[in-house]
Amino acid sequence: MQIFLITFAVFLLFVAAMAIGYIIKKKTISGSCGGLGAIGIEKECDCPEPCDNRKKKMAAEEARRKMLEENRII
């Protein structure tokens, strides 16, 4: 049982060290393979047309972008 506890403590130290390293570097955790774009998929779902929820979100983003552009000009 003592070996198990020592091994568990060593693993916890390594995990804590890696977490502290990411906090200090202020980097986000990211994959190493390049994501879906690396295999030719441009978006999460490969549907020809976005769903209704996605259309609403895209419209809201576009309205926000236009509002920000208008405020910068004035």
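Student: Is phenylalanine 4 buried or exposed?

Tutor: Buried means under 20% relative accessible area, exposed over 50%, and partly exposed in between (1.4 Å probe, protein chains only). Phenylalanine 4 has 52% relative accessibility, so it counts as exposed. Phenylalanine 8, at 45%, counts as partly exposed. This is a predicted model: local features need pLDDT of at least 70, side-chain atom pairs count only at pLDDT 80 or more, and totals for chains, interfaces and linings use all residues. Residues are numbered from 1 along each chain as its sequence is written, and side-chain values use heavy atoms, with hydrogens and water left out.

Student: How many aromatic pairs does the structure hold?

Tutor: A pair of aromatic rings is described by the distance of the centres and the angle of the planes. Rings of Phe, Tyr and Trp (its six-membered ring) pair if their centres lie within 6.5 Å; planes under 30 degrees apart count as stacked, over 60 as edge-to-face and the rest as tilted. The structure holds 1 such pair. The ring centres of phenylalanine 4 and phenylalanine 8 are 6.2 Å apart and the planes are at 15°, so the pair is stacked.

Student: Where do phenylalanine 4 and phenylalanine 8 sit in helix α1?

Tutor: Helices are DSSP runs (H or I, at least four residues), numbered from the N terminus. The two residues are 4 apart in helix α1, which means a separation of about one helical turn.

Student: What comes just after α1?

Tutor: Lysine 26, which takes a positive phi of about 55°.
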